[in-house]
Amino acid sequence: MNDKIIKIDAIDRRLLTALQRDGSLSQRDLAEQVGLSQNACWRRLQRLQEAGVIRGSQTAVDLPALGLDLTVFVMIRTRHHSREWAESFRQHVEKLPEVVDFYRIGGDWDYLLKVVTNGMRGYDAFYQKLITGFDFSTVTGFFSMEALMQNRPTDLTRL
């Protein structure tokens with residue numbers, strides 16, 4: 001967890017907003033969009049990368065087109081709250097390729113996983129791997145019928 005808040009200005013916000021919308025922009029196009037020279041744009045990008053604000057880039061993949069057509073939000077409640085158990089569980093979940101997001105949460109539940117798989121049969125196979133070797137109080141899945149908004153760029157104008 002990063003406890004250090006990085007200060008950015010309006011130009012940095014425009015750079016980050018443009019990159020969130022299209023991470024494949026060339027440096028020239030990015031500089032043009034935000035009103036900078038290529039060199040000034042490059043220096044700002046380097047500073048943001050070194051500060052840990054920019055962490056790589058990704059390409060959006062249409063997962064249903066590849067047969068990964070089921071998204072399940074898995075909620076887990078456990079009776080175990082030791083640091084050792086939590087670390088063991090984290091390592092277990094990291095080995096499950098179906099898990100695309102993993103959170104420790106507050107409230108009535110302890111963990112939230114976002115799972116992407118190929119249909120109910122794929123989810124059942126995932127579920128069997130998830131519970132093997134772990135004692136949970138409750139595991140429940142919420143099945144997504146449609147993604148109404150996904151990977152929305154964060155509005156940085158409120159910073």
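I took two strands as paired if DSSP finds at least two bridges between them. Helices (H or I, at least four residues) and strands (E, at least two) are DSSP runs, numbered from the N terminus. The model is predicted, so I kept to the rule that local features need pLDDT of at least 70 and side-chain atom pairs count only at pLDDT 80 or more, while totals for chains, interfaces and linings use all residues. Residues are numbered from 1 along each chain as its sequence is written, and side-chain values use heavy atoms, with hydrogens and water left out.

**Strands 2 and 3**

I looked up how strand 2 (residues 99-104) meets strand 3: the two run antiparallel and are joined by 5 bridges. Val99 stands opposite Val115 in strand 3. The hairpin has 6 residues between the strands, and Gly107 there takes a positive phi near 105°.

**Cores**

I next looked up the nonpolar cores, each a set of buried Ala, Val, Leu, Ile, Met, Phe, Trp, Tyr and Cys residues joined through side-chain atoms within 4.5 Å. Buried means under 20% relative accessible area, exposed over 50%, and partly exposed in between (1.4 Å probe, protein chains only). The largest core has 17 residues, and Val74, Ile76, Phe89, Leu113, Phe126 and Leu130 have the most contacts inside it. Two or more residues each come from strand 1 (70-77), helix 4 (83-94), strand 3 (111-117) and helix 5 (119-131). Strand 1 gives the largest share, 4 residues. Another core, of 14 residues, lies apart from it and includes Ile8, Leu15, Leu16 and Ile54.

For Leu113 I listed contacts (heavy atoms within 4.5 Å). Leaving aside neighbours within four places in sequence, Leu113 touches residues including Val72, Val74, Val99, Phe102 and Phe126.

**Arg44**

I found Arg44 in helix 3 (residues 38-50). Arg44 counts as buried because its relative accessibility is 19%. Beyond its neighbours within four places in sequence, Arg44 is in contact with Asp9, Ile11, Asp12, Leu15 and Leu36.

**Asn151**

Most residues other than glycine have a negative phi. Asn151 is not a glycine, yet has a positive phi of about 55°. Asn151 lies in the segment after strand 4 (138-143) and is exposed, with a relative accessible area of 71%.

**Second largest pocket**

A pocket is an open set of points on a 1 Å grid over the protein atoms alone, where a 1.4 Å probe fits, with protein on both sides within 12 Å along at least five of seven lines; lining residues have an atom within 4 Å of a point. I noted His80, His81, Arg83, Arg104 and Asp110 among the lining residues of the second largest pocket.
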